[in-house]
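This briefing is meant for a reader who is meeting the structure for the first time. Please look over the sequence and the model, and then follow the points below topic by topic.

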Amino acid sequence: MQEKNIRLNIPVRYLKGVGPKRSEQLSRLGVGTLEDVFYYLPLRYEDRSRLTPIRELKVGELQAVRGEVVTVSSRRAKTGTHIVQAALTDGTGSIHAVWFNQPYLADSLKRGQEIVAYGRVELYDKLQIVQPEYEAAEEADKGSLHIGRIVPVYPLTAELTQRYMRALIYQAISSCQKALIERLPTYLIAREKLVDVRFAVRSIHFPANFESLEKAYRRIVFEEFLILQLALALRKRSMKDRDTGLTHGLGGELVASFRKALPFEFTDGQRNAIADIERDMSSAKPMNRLIEGDVGSGKTVVAAHALTLTVENGFQGAIMAPTEVLARQHFIVLSEFLMPLGINVALLAGGIDAAAKERICGEIRDGSVHVVVGTHAVIEEAVAFRKLGLVIIDEQHKFGVTQRAVLKQKGYNPHVLIMTATPIPRTLALTVYGDLDVSVIRELPKGRKPVSTYWVEEDKRREVYGFIKEELGKGRQAYVVCPLIERSSESGVRSSGGTKAALDIFEKLKNDVFADFNVGLLHGRMSSKEKDKVMADFKKRKIDVLVSTVVIEVGIDVPNAAVMLVENAERFGLSQLHQLRGRIGRGEHESYCILLADPKTDEARKRLKAIEGTLDGFQIAEADLDIRGPGEFFGTRQHGLPEIRFGNIIKDLGIMELARKEAFAIVAKDPELNEEHHRLLKEALRERFRDRMDLAHVG
Ligand code: ADP
Ligand code: MG
């Protein structure tokens, strides 16, 4: 093949050793072009570079040995399996190499020949190396792809062997590497100390050592992340340019009175978040900000502050919660903050009768309602505002661009604030939520007592009840959380086994275990009125023990509740457990979270360990991401993140941060990517986001 004019997009069938059949097999792996060959990355590597003397071999491990073939035997076992055995010796000891169902090997192995073999060493009646890959030592000495080096192992289907793939990639690299043209500008390579593209591609497959491998990986991931971040930077820039926002004035009296009335000082995180919000709302561009703050970090008061600001400027505000229970609670809390300032707050939720709803909608239309509290449905329903200035979306873990689009359709262009208690590292949030700005409230208000968390198994139930009784005796209240409402609600014929249902537990606790106390019940199938009554009674301490489902997951705030028992804790997700636990530890009392669980899977055990091991929401979110993977964690397609092929957004976060910094610097300096040294990046960007032009507004 002529080296000169080779391009990355030539089909694989032009490569040596690839006929029509191979070409088809490769295409099933997604390998269609030379570029695909170069970037078909190994799944893992085997260190076959070190030869172990036979005497020092460790049973059970993959190792490489070099020895002389002393005997070769070939036979058929009673089971029909064909077995070829070769005794090898290297002067320190001897070992039997064993192959199954490869009778032809008996002819290719010669007595007196030296071979290098790599495989798992086992001890049956004698020391064996089982099904090893091997090569004549003479060949291996000349440089082998399969032995005597760090060897790549690819994700393959049965039709293609590792040896074939290695040979193909090796050959492509040796004869076509000129096709690899450096896209990264020289200044960037120097500044970030990256290896060049040819070294990277060669070393990601056939590294000379682990250090080269590491450098190759870093370079390839950096490039991938840089292109992603360039797309984000460009999109952000184009959005910022397009919209004009509702510029708010700062320093008014209403906001000052709001602050003055607060019974506490803001934490640093709250102060910073408020400063960010004020900067956004007073600018000429619409705010599009995410506030990340752990459970209990005090996001509601930050929201109230922003609402006051918009009302002071003559606008209306809306705050949306994911559940009715939470919307109702927000309504109560916000009314306490805002009503005394003359701000008219209204609740728009299910369970409000049609006449009242109509009246409220009328007041929203004519502007006499200043702040509307409701569920997420509020913006989708036909609510017309007179002058909507600010929309706050609470506890929204998976925000897409959709909400904003809905608002726009209705002719609004308000400032948007999203609050989430599923904190993820900032760079990741900025990446995943693409067009949002992010403020992080890292700390909890002072004086919070840490919640002690215990994971216990079913056989400790009696002790657990005893403990809860003691706490109730001291005047505390408790939550008991169950995964189901009633047992039959679990699907199908399969019985729900040991899974606890709120209705059963409620009966048992009320009539038996906690018969001396008041036991209440809360679940999603109760009417809004009933739910309200139960929550109000719990707040007023008319209920000591509240049996519930995850309806209490978010936002509920009852400081005297200091104990939580979670039934079948293995059935809950990690961030769900963290949210649940966030319901306690809100007052001045020692708080306890007890997780009853007999987990059956490794994943469940990992979750329980993680939740037991830390109170830090950021660490929990990271563990959750790690256990479930980003697809599950963020919800597929909910976010603007395109598929990531090489890097790992959690493990490679450091590289992501660098790439982000560089990408934003590039776009700030060269917004159209017209400078000559950015030309190939621009091309790469176009190619990568061909199908997603919304991500790459490049001129
Ligand atoms: P979350 O961030 O989970 O929504 P909340 O807004 O419900 O948290 O706040 C939890 C509790 O902390 C509330 O009772 C609230 O009044 C209180 N709180 C908020 N900010 C502070 C502060 N700076 N100092 C003391 N308590 C605070
Ligand atoms: Mg909240």
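Is Lys193 buried or exposed? Lys193 is exposed, because its relative accessible area is 70%, where exposed means over 50%, buried under 20% and partly exposed in between, with a 1.4 Å probe and protein chains only.

This is a predicted model, in which local features need pLDDT of at least 70, side-chain atom pairs count only at pLDDT 80 or more, and totals for chains, interfaces and linings use all residues. Residues are numbered from 1 along each chain as its sequence is written, chains are lettered from A and ligands numbered from 1 in the order in which they are written, and side-chain values use heavy atoms, with hydrogens and water left out.

**The chain as a whole**

- The protein chain has 699 residues, and buried residues make up 54% of them.
- Its secondary structure comes to 24 helices and 20 strands, which are DSSP runs numbered from the N terminus (helices are H or I with at least four residues, strands are E with at least two).
- Along its principal axes, the C-alpha trace of the protein chain spans about 95 × 70 × 45 Å.

- An oxygen atom of ligand 1 is 3.0 Å from a polar backbone atom of Gly298.
- Taken alone, ligand 1 exposes 570 Å², of which the protein buries 81%; these accessible areas come from the Shrake-Rupley method with a 1.4 Å probe.

**Two residues with positive phi**

- Lys193, although not a glycine, has a positive phi of about 50 degrees, and it is found in the loop between helix H6 (186–191) and helix H7 (197–205).
- Leu673 is likewise not a glycine and has a positive phi of about 50 degrees; its place is the loop between helix H23 (653–669) and helix H24 (679–688).
- Leu673 counts as buried because its relative accessibility is 1%.

**Residues in helices and strands, and distances between them**

- Leu254 lies in helix H9, which covers residues 253–261, and it counts as buried because its relative accessibility is 18%.
- The C-alpha atom of Leu254 is separated by 39 Å from that of His523, and the two residues are 269 residues apart along the chain.
- Arg66 belongs to strand E2 (residues 62–76), and with 24% relative accessibility it counts as partly exposed.
- Between the C-alpha atoms of Arg66 and Val378, which are 312 residues apart along the chain, the separation is 73 Å.
- Glu622 is found in helix H22 (residues 617–634) and is partly exposed, with a relative accessible area of 35%.
- Glu622 and Thr499 are 123 residues apart along the chain, and their C-alpha atoms are separated by 28 Å.

Notes. Polar contact = N/O pair within 3.5 Å; in protein donor to acceptor, adjacent residues only side chain to side chain.
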